[in-house]
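Student: Could you walk me through how to read the features of a structure like this one? I would like to begin with the aromatic rings.

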Amino acid sequence: MGSAPLRDAIQGIIDWGETVGRVGGQLPKATDAFGSLTFNDDVQKARLSKQAYAALQKTAVNGEPLDGSVADQVATALKDWALEHGATHYTHWFQPLTGITAEKHDSFLSPNGGGKAVAEFRGKELVKGEPDASSFPSGGMRSTFEARGYTAWDPTSPPWLLVNPNGSTLVIPTAFVSWTGEALDKKTPLLRSQEALSVQALRILKLFGSSARRVITTCGPEQEYFLIDRHFFFNRPDLINAGRTLFGAKPPKGQEMEDQYFGSIPERVLACMMDVELELYKCGVPVKTRHNEVAPSQYEIAPVFENANVATDHQMMVMETLKRIAPKYGLACLLHEKPFAGVNGSGKHLNWSMSDNLGNNLLNPGDTPHDNLQFLIFSAAVLKAVDTWQGLLRASIASAGNDHRLGANEAPPAIISIFLGSVLTDLFDQIERGKISPAKKGGELDTGVSVLPKLPRDAGDRNRTSPFAFTGNKFEFRAVSSGQSIAMPNICLNVAVTDALDTIATELEKAVAGGKKAEEAAWALLPKVIKQHKRIIFNGNNYADEWQKDAKKRGLLNLRNTVDALPELVKPAVIKAFETQKVLNARELHAREEINFEAYNKTINVEAQLMVLMANRYILPAALQYQKQVGEAVAASKAAGAVSKQGKALAGTMAKLIDKLKSQADALAKALEHSDGSVEKHAKYFRDKVIPIMDTLRDAGDALELTIPHELWPLPTYREMLFIK
């Protein structure tokens, strides 16, 4: 029984080797494919009038409102373009508070009254859709009978075509709001937060004489994921329903050989990667990097920087495409933060920066950062933001899945801190003391081999243990989890930085109004900001026990799990900041806290029920069967006059493990009957009462896996899933 999935997986790999190249065939050139399924700039120029194109560009680039007549022209052009590519339907694609995307498909066809139909698509259909809002999570903002919700076209994110063997669908990125105007999605507050940050950043740029009209946040999220053979996936109920293995003993070999990271990519995996990339290229997603990650069967895909709003859309497309393409190659894609215990989990490092519409990266230090006052002010604003709103940032990445990952030797701890590197830290120290000298430079790195070129050396090293690290011209929020949308971390980071920029701009404007020059006021303000918030800077080993003690002395928060972190979303100061910047109101924030608590509770409940099912219906029958075999062997030995001490000991061990497994499975089933209290109280119960029983039950199951013969074990094991590629 236990060997069937293994035989199937091995046969699948053999079959793949014999038919290599037949799945995708010869792939087209990436340059030819890129954007071919996107209503991109070239298509817009070709199909829109000059006036309509200019108006759409002003909306997309500068955030200006779009006239209704232009929307009609865009709708007609979109329809004609989509029909030419075989589209029959269109959909308003949005990101509700489920954590995934949603879509409702409508046909272009409309009966003309003569027994035939014509294709129609008008501006009002492009601009607004009306999906049912009652069945999506709303955190109490909507009752079941209050069903009306609206999707609103986002002109800043290009539409694209979703191609199916039987046709195509025009996909229109949209926001999703209730009939009362409250945000029921992740895009609406993201767009609001981007506009709010732009307003405050422009106040500071104006003081420095900039002619910029808009500031955008940009990001490039690195996506980590696992690929395993599909036969294994379908024989693991926990992977199918929970996304992670709830049982699984540590294999003899894990990642300790350190031979997976950046290693040669297996042929089948590489073929899948190339197909994924091609599909993403067609939709205008600028993926750039692929490589093996640290854990066996773990990989990474990363794009170049984009507007944070578009990057968020594209990131959801990356996850969906990985899940959709993997089965073509006999693989299953796992996006859970910790699908396998004992090896590295998966994150989504969110590289974040700010740029103006003139193309200037506001976090680029340049060659002389000690003279780059604008850079120093914006960097100090980020410093102030992360220190002031560390709880909010921690809450933005909180989930049941990420609780398994944060703090392990692969991901940053739950304590939020900033790595600035030796150069910037030294420069900030000098500014605080009032004595500034030129920042040191990296120079050249001599490898000691004459045939190798001398390499430019960066001025500072990198810190992989930091949750929030400066990496040259951007910050990398490394605590974001692999399965989540990057919208909420972006929103919270934008609001935090917006609040800091608002405070700094107000102080600078006040000083300038009092007769000081902007530069003089900035140099006077910087030491105060640095002194007040430098506690958040830590360049050392975030995994060290000493850091836990040091962070506590500094007064930094250590919110170890989701249940501790989520209340940060509704702290009075957080609500005030979000409402001041017009990003989310108190009701919208409370709704998100409740939805996240509900998601936590539902996740733990599903996992616990699965563990009970797997213990009783998979592991226990195998254990009883082996116990019977051992008992019969011991009895046979005794009958032959040769008593086996080891046989009797094994029978005793099996009896104890079976009793432990069954008693803990029953205890877990009993514990799940709890339903009293608020969602937060229920979450605390799951954390404090249910999860410890789950851990004990897993220990019993994993011990049985290491005892029961392979041919009797009913589940694919780690040594198979992680290494058969």
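Student: Where do phenylalanine 34 and tyrosine 281 lie in the chain?

Tutor: Phenylalanine 34 is in the loop between helix 2 (30–33) and helix 3 (41–47), while tyrosine 281 belongs to helix 10 (residues 267–282), so the pair ties together parts that are 247 residues apart in sequence. Helices (H or I, at least four residues) and strands (E, at least two) are DSSP runs, numbered from the N terminus. There is also a ring cluster, in which ring pairs link Phe375, Phe468, Phe470, Phe475 and Phe477.

Student: What should I know about the model and its numbering before going on?

Tutor: This is a predicted model, in which local features need pLDDT of at least 70 and side-chain atom pairs count only at pLDDT 80 or more, while totals for chains, interfaces and linings use all residues. Residues are numbered from 1 along each chain as its sequence is written, and side-chain values use heavy atoms, with hydrogens and water left out.

Student: Is phenylalanine 34 buried, partly exposed or exposed?

Tutor: Buried means under 20% relative accessible area, exposed over 50%, and partly exposed in between (1.4 Å probe, protein chains only). Phenylalanine 34 is partly exposed, at 39%, whereas tyrosine 281 is buried, at 18%.

Student: How do I read the span of helix 11?

Tutor: The expected span of a helix is 1.5 Å times one less than its number of residues. Helix 11 (residues 308–325) has 18 residues and reaches 25 Å from first C-alpha to last, close to the expected 26 Å. Of those 18 residues, 15 are buried.

Student: Which residue caps the N-terminal end of helix 11?

Tutor: Asparagine 307 does, with a side-chain oxygen 2.8 Å from the backbone nitrogen of asparagine 309.

Student: What polar contact does the side chain of glutamine 95 make?

Tutor: A polar contact is a pair of N or O atoms within 3.5 Å; within protein, one must be able to donate a hydrogen and the other to accept it, and residues adjacent in sequence count only if both atoms are side-chain atoms. The side chain of glutamine 95 makes one of 2.7 Å with the side chain of aspartate 313. Glutamine 95 sits in the loop between strand 1 (87–93) and strand 2 (105–107), and is buried at 3%.

Student: And how do I read the largest pocket?

Tutor: On a 1 Å grid over the protein atoms alone, a pocket is an open set of points where a 1.4 Å probe fits, with protein on both sides within 12 Å along at least five of seven lines; lining residues have an atom within 4 Å of a point. The largest pocket holds about 1400 Å³ of space. Of its 46 lining residues, the closest to its centre are Thr98, Gly99, Ile100, Gly483 and Gln484.

Student: Which helix gives the most to that lining?

Tutor: Helix 21, with 10 residues. Helix 11 is among the elements that each supply at least two residues.

Key. Phe/Tyr/Trp six-rings, centres within 6.5 Å; stacked < 30°, edge-to-face > 60°. Points joined across faces, edges and corners; volume = space filled by probe spheres on them.
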